[in-house]
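Work through the exercises below with the sequence and the 3D structure at hand. Try each task before reading its solution.

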Amino acid sequence: MEKNIEQYMSEFLANHDRQALSDDAAEQVVGGELAGLFLNGKFVDEETVYNLFLNMADLYGYDIAANVFCESTGFSKVEINKAHRGGASDKENMYCLITQCFTTFSKIEGGGKTF
């Protein structure tokens, strides 16, 4: 990942109303009602995931935001092209990719809300 993108992610999460949870806190929500993803080893709630990567798509474009998303979450990069819709905006395509990730991880986890 490029340094400025890593810095953007760190600053976004640090300045966002909802901070990334520690690993210990994330373990406490497993099986609970809180949905989110692990980004670079830290649990981040679903709303923050959408805000971060939709903003990133605005700033850097879909291709870069989608690659960073997949690298940060472990989601398959094969899904980047599957989520891309011709004629849709970068944000709309990013929204599709994030939603597909939550759907896929939800199925893997047996339908639970925490990923």
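The exercises cover confidence, salt bridges, cysteines and the nonpolar core.

The model is predicted, so local features are taken only at pLDDT of at least 70 and side-chain atom pairs only at pLDDT 80 or more, while totals for chains, interfaces and linings use all residues. Residues are numbered from 1 along each chain as its sequence is written, and side-chain values use heavy atoms, with hydrogens and water left out.

**Exercise 1. Find where confidence in the protein chain is lowest and where it is highest.**

Step 1. Start with the term: pLDDT is the predictor's confidence in each residue, from 0 to 100. The protein chain has an average pLDDT of 79, and 73% of the residues score at least 70.

Step 2. Go on to the elements, where helices (H or I, at least four residues) and strands (E, at least two) are DSSP runs numbered from the N terminus. Confidence is lowest in helix α2 (residues 23–29), with a mean of 52, and highest in α3, with 94.

**Exercise 2. List the salt bridges of the whole structure and describe each pair.**

Step 1. Apply the rule: a side-chain nitrogen of Lys or Arg must lie within 4 Å of a carboxyl oxygen of Asp or Glu. The search finds 3 salt bridges.

Step 2. Take Asp58 and Lys91, whose closest N and O atoms are 3.6 Å apart. Asp58 lies in helix α3 and Lys91 in helix α6 (residues 90–108), so this pair ties together parts 33 residues apart in sequence. From C-alpha to C-alpha, Asp58 and Lys91 are 6.5 Å apart.

Step 3. Classify these two by relative accessible area (buried under 20%, exposed over 50%, partly exposed in between; 1.4 Å probe, protein chains only). Asp58 counts as exposed because its value is 51%, whereas Lys91 is partly exposed at 33%.

Step 4. Take Glu71 and Lys77, with closest N and O atoms 3.1 Å apart. Glu71 is partly exposed at 41%, and Lys77 is partly exposed at 41%.

Step 5. Finish with Glu79 and Lys82, where the closest N and O atoms are 3.6 Å apart. They are 3 residues apart in helix α5 (residues 78–83), so about one helical turn separates them. Glu79 is buried, with 16% relative accessible area.

**Exercise 3. Count the disulfides.**

Step 1. A disulfide needs a pair of cysteine sulfur atoms within 2.5 Å. The count by this rule is 0.

Step 2. Check Cys101 as a case: the nearest cysteine sulfur belongs to Cys70, 7.4 Å away, and Cys101 is in no disulfide. Cys101 is buried at 0% relative accessible area, while Cys96 is partly exposed at 28%.

**Exercise 4. Describe the largest nonpolar core.**

Step 1. Such a core is a set of buried Ala, Val, Leu, Ile, Met, Phe, Trp, Tyr and Cys residues joined through side-chain atoms within 4.5 Å. The largest one has 30 residues, and Val49, Leu52, Phe53, Met56, Phe69, Met94 and Leu97 have the most contacts inside it.

Step 2. Two or more residues come from each of α1 (3–15), β1 (36–39), α3, α4 (62–73), α5 and α6. Helix α3 gives the most, with 7 residues.

Step 3. Inspect Met56. Leaving out residues up to four places away in sequence, Met56 touches Ile5, Tyr8, Met9, Gly61, Ala65 and Val68.

Key
Contact = heavy atoms within 4.5 Å.
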